[in-house]
Amino acid sequence: MSENYVSLSKEFNQTAQAIGAGEGNWQMAVAKFTLLMRHKAQTPEQKQELCATMLDAAISRLEKVVEKIPQMDNFTASTLEALYGVFRPLADPENLPHMPKDASQRLADVTLDLVRAVETYQKTQSVLLEVYNNVRKYYTEFSFFMLETAQAVKMAEEDRSARAETQSDLTLGKSPTIKPRHHGGKNP
């Protein structure tokens, strides 16, 4: 039974909301996102809608983690694994053209919040030195991943903008100038 994009996108939206709330199975959200992008979305608008929903969910999930960093007294690799997991598909070259216009700025802003939280993270009596070092090390590494992700999205935005300018740089009513080809003295 083949399901249509509309019903599947509603299901994905619910999954994405759970991911954004810090709940649910991030792997299933990424699997649904990828399946919809590759096999069900038929129009650029549908792909843009999916990317916007995934971006919102990923940023919400990261914001929740950033809020908790100042009080972190334990470190779990699975939290970081989930963050890497929900952001990776957004920087996938086949998805980049469909990212929302403000995506790179939003990614940069949430990354700055992460950097500030890690930078000001304090070792307290209730935080073991190993936990403190892991939080600092692994969230710093993740911040560089986020910088690369924001940069990839920004480059795609600039490419899209340059293509749009080139395509709209035609003067209506003016005949195009066609330059003759030179074949180095040979006739075709």
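This is a predicted model: local features need pLDDT of at least 70, side-chain atom pairs count only at pLDDT 80 or more; totals for chains, interfaces and linings use all residues.

Reader: How many aromatic pairs does the structure hold?

Author: Eight aromatic pairs. Among them is F75 with Y138, whose ring centres are 5.4 Å apart with the planes at 25°, so that pair is stacked.

Reader: And where do F75 and Y138 lie?

Author: F75 lies in the loop between α3 and α4, while Y138 is in helix α6, so the pair ties together parts that are 63 residues apart in sequence.

Reader: Is Y138 buried, exposed or partly exposed?

Author: Y138 has a relative accessible area of 28%, which makes it partly exposed.

Reader: What about Y121 and Y132, what sort of pair do they form?

Author: A stacked one: 5.4 Å centre to centre, with 15° between the planes. Y121 sits in the loop between α5 and α6 and Y132 in helix α6, so this pair ties together parts that are 11 residues apart in sequence.

Reader: Buried or exposed, those two, Y121 and Y132?

Author: Y121 and Y132 are both buried.

Reader: OK, zooming out. What does the secondary structure of the chain come to?

Author: Six helices and zero strands. Read from the N terminus, the elements go α-α-α-α-α-α.

Reader: How much of the chain is buried?

Author: The chain has 188 residues, and buried ones make up 36% of them. As for contacts between residues at least 6 apart in sequence, 78% join residues at least 24 apart.

Reader: Now the core. Which residues of the largest nonpolar core touch the most other members?

Author: That would be F87, Y139 and F142, out of 51 residues in that core. The elements giving two or more residues to this core are α1 (5-20), α2 (26-40), α3 (44-68), α4 (77-87), α5 (103-119) and α6 (129-167). As background, nonpolar side chains tend to be buried together in soluble globular proteins.

Reader: What is Y139 in contact with, leaving aside neighbours within four places in sequence?

Author: Y139 then has V65, I69, M72, F75, T79, L80, L83, L114, V118 and N134 as its contacts. F75 in that list is the residue that stacks with Y138.

Reader: Which elements give two or more residues to the lining of the largest pocket?

Author: α3 and α4. The largest share comes from α3, with four residues. V65, M72 and T79, among the residues closest to the pocket centre, also turn up in the contacts of Y139.

Reader: One polar thing. What does the side chain of Q46 lie 2.5 Å from?

Author: A polar atom of the Q46 side chain is 2.5 Å from the backbone nitrogen of Q42. Q46 itself is in helix α3. Setting aside neighbours within four places in sequence, Q46 is in contact with Y5, K40 and A41.

Reader: Last one: why does T15 count as buried?

Author: Its relative accessibility is 15%, and buried means under 20%, so T15 counts as buried. T15 is in helix α1, and beyond its neighbours within four places in sequence, T15 is in contact with A29 and K32.

Notes: Residues are numbered from 1 along each chain as its sequence is written. Side-chain values use heavy atoms; hydrogens and water are left out. A nonpolar core is a set of buried Ala, Val, Leu, Ile, Met, Phe, Trp, Tyr and Cys residues joined through side-chain atoms within 4.5 Å. Buried means under 20% relative accessible area, exposed over 50%, partly exposed in between (1.4 Å probe, protein chains only). Contact means heavy atoms within 4.5 Å. A polar contact is a pair of N or O atoms within 3.5 Å; within protein, one must be able to donate a hydrogen and the other to accept it, and residues adjacent in sequence count only if both atoms are side-chain atoms. Rings of Phe, Tyr and Trp (its six-membered ring) pair if their centres lie within 6.5 Å; planes under 30 degrees apart count as stacked, over 60 as edge-to-face and the rest as tilted. On a 1 Å grid over the protein atoms alone, a cavity is a set of points where a 1.4 Å probe fits but cannot get out, and a pocket is an open set with protein on both sides within 12 Å along at least five of seven lines; lining residues have an atom within 4 Å of a point.
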